[in-house]
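Here is a short briefing for someone meeting this structure for the first time. Look it over, then read the points below.

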Amino acid sequence: MQLTLEFGGGLELLCDSVKIHDVNVIPNLEADKLTMKDLLVWVRTNVIKERPEMFMKDDSVRPGVLVLVNDCDWELSGQLDTPLEEKDVVVFISTLHGG
Amino acid sequence: MEGNHEKARVRLCYLCNQRRAALKRPKTLEQICRECFYEVFEEEIHQVIVKNQLFKPGERIAIGASGGKDSTVLAYVLSELNRRHNYGLDLFLLSVDEGITGYRDDSLETVKRNELQYGLPLKIVSYKDLYGWTMDEIVKTIGLKNNCTFCGVFRRQALDRGAALLKVDKLVTGHNADDIAETVLLNILRGDIARLSRCTSITTGEDGPIPRCKPFKYTYEKEIVMYAYFKRLDYFSTECIYSPNAYRGFAREFIKDLERMRPRAILDIIKSGEDFRISTSTKMPEQGICERCGYISSQKWCKACVLLEGLNKGLPKLGIGRSRGLDNNHRKDVKQINGTKNIEGKQCGSLDF
């Protein structure tokens, strides 16, 4: 599944200072769909290069990290249960850096 | 975004009931669209400004600008509201150059772009000019312990001195609701009653030379960041390279955990801070003037002068730790016996109250 991931608000520093990542995520064979929950695990393994604890806490993003799926707050689409589709754009922004 | 990959369950905006909702407001839990969000976000800040009479027509106002999200959004929204509601304010950007290579030099570039983008004149004051030391030099001398104390004390004065140079009537800062809730908690954790009673005031220092106010006192950090993101505002977001900030970090994380469970917690903590009554038996420091530089101080010398004296004499420990007049000697002794590490008031780079 082709997705565009964008990291901002300082989170890009966890992935070699690259803000935009075009990625191809292979969904788990047993599940026929990909959710945000799956994507977070995939991102932590494949995209985050350092300090993963700045990105995730337990099985979700660290509190203070905003998530938007196609420019919509993921709190409106079910957070971890948000289903993802081909060509979706997922944005992660930290609110925890600087002021 | 093209329609072909919109989610099946499209929710409509709670306010206009026409456009697709784009975010959930932490304050009200309403689901609203981008356009309505801009409107309520700006209007609420306008209401805070009007209700608290933060400004008078014709005033010169400096915006403390770090290049970070809060001050960038503040500069943008304030110049917008100034035009829209004819506040009649002369707005300026005021930045402090602490002399931190790879951090402040980069963020100052952002402020310089904001100067052009928003058409606001910018003044930069530097630690080097004001105190003869950059933070890089201070850290080389004292190491990574207590450096945030130096930086916090120096920044507070630097902003006042910059504001005096600009001849402004007031200084506004981008402290948001999350910051204030966090500071309420920290002041409780430190037993700092003087700051606890002060930190929720929307305007402070009215008796001093330059009052400060916080138009974002009730504005959630989430909304500030969403606003900056949707409006594609240009801000800088890197952690200060010298700031370990563990204690404040814990408080911040705690607030964010609470917010996730119950977003209102942030406003409720602020409310608790506002409603605390300070008992009359608590000794509050008396405000005087520094004998050396004339800055406001509750001691003979202001904190910045004590710290500078230490730096210049090669005794950088001078002025580190708490000393609030003779009454506190007893407490100081107890601390020394216990060998507890003192946590001085202003730890964090961008925050001081």
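**A buried aspartate and its setting**

B:Asp179 counts as buried, because 27 C-beta neighbours lie inside 10 Å. The model is a predicted one. B:Asp179 sits in helix α7 of chain B, residues 177–190. UniProt, in an unreviewed entry, lists B:Asp179 among the positions of a "binding site".

**The annotated binding site**

- The UniProt record (unreviewed entry) puts the feature "binding site" at B:Gly64, B:Ala65, B:Ser66, B:Asp70, B:Val96, B:Gly174 and B:Asp179.
- B:Ser66 belongs to the loop between β3 (60–64) and α2 (69–84) of chain B.
- Is B:Ser66 buried or exposed? B:Ser66 counts as buried because it has 25 C-beta neighbours inside 10 Å.

**Chain B overall**

- Chain B holds 13 helices and 10 strands.
- Of its 353 residues, 43% are buried.
- Take the contacts in chain B with a separation of 6 or more: 69% of them join residues 24 or more positions apart.

- A UniProt annotation (unreviewed entry), "domain: Cytoplasmic tRNA 2-thiolation protein 1 C-terminal", covers residues 289–318 of chain B.
- The end C-alpha atoms of residues 289–318 of chain B are 20 Å apart. This span is 33% helix and 10% strand.

**The α5–α6 pair**

- Two packed helices are described by the angle between their axes and the distance between the axes.
- For α5(B) and α6(B), the angle is about 150° and the axes are 10 Å apart.
- Their crossing is right-handed.
- From α5(B), the residues B:Met135, B:Ile138, B:Val139 and B:Ile142 take part. They meet B:Asn147, B:Phe150 and B:Cys151 of α6(B).
- The residues of this contact comprise 6 nonpolar, 1 polar and no charged.

**An enclosed helix**

- Why is helix α9 of chain B (residues 221–230) described as largely enclosed by the rest of the structure? The reason is that 9 of its 10 residues are buried.
- The buried residues of α9(B) are B:Glu221, B:Lys222, B:Glu223, B:Ile224, B:Val225, B:Met226, B:Tyr227, B:Ala228 and B:Tyr229.
- Just after α9(B), B:Arg232 takes a positive phi of about 50°.

**Around B:Asp106**

- B:Asp106 lies in helix α3 of chain B, residues 104–118.
- B:Asp106 is partly exposed, because 13 other C-beta atoms lie within 10 Å.
- Which residues does B:Asp106 contact, leaving aside its neighbours within four places in sequence? They are B:Phe236 and B:Thr238.
- B:Asp106 and B:Gly67 are 39 residues apart along the chain, and their C-alpha atoms are separated by 8.9 Å.

**Where the chains meet**

- Chain A puts 23 residues in contact with 32 residues of chain B.
- The chain A side consists of 7 nonpolar, 9 polar and 7 charged residues.

**Positive phi in chain A**

- A:Arg51 is not a glycine, yet its phi is positive, about 40°.
- A:Arg51 is in the loop between α1 (36–46) and β4 (56–57) of chain A. A:Arg51 is exposed, with 10 other C-beta atoms within 10 Å.
- A:Gln79, also a residue other than glycine, has a positive phi near 45°.
- A:Gln79 is in the loop between β7 (72–73) and β8 (83–84) of chain A. A:Gln79 is partly exposed, with 16 other C-beta atoms within 10 Å.

Terms used. Residues are numbered from 1 along each chain as its sequence is written. Chains are lettered from A and ligands numbered from 1 in the order in which they are written. This is a predicted model: local features need pLDDT of at least 70, side-chain atom pairs count only at pLDDT 80 or more; totals for chains, interfaces and linings use all residues. Two residues are in contact if their C-beta atoms, placed from the backbone, lie within 7 Å. Ala, Val, Leu, Ile, Met, Phe, Trp, Tyr, Cys and Pro count as nonpolar, Asp, Glu, Lys and Arg as charged, and the others, Gly among them, as polar. UniProt positions are given in the numbering used here, feature names are shortened, and annotations may be inferred rather than shown by experiment. Helices (H or I, at least four residues) and strands (E, at least two) are DSSP runs, numbered from the N terminus. A residue is buried if 20 or more other C-beta atoms lie within 10 Å of its own, exposed if 12 or fewer, and partly exposed in between; C-beta atoms are placed from the backbone. Axes are lines fitted to C-alpha atoms, for helices over the stretch in contact, and angles run from 0 to 180 degrees between N-to-C directions. A crossing is left-handed if the near helix is turned anticlockwise from the far one by less than a right angle, and right-handed if clockwise.
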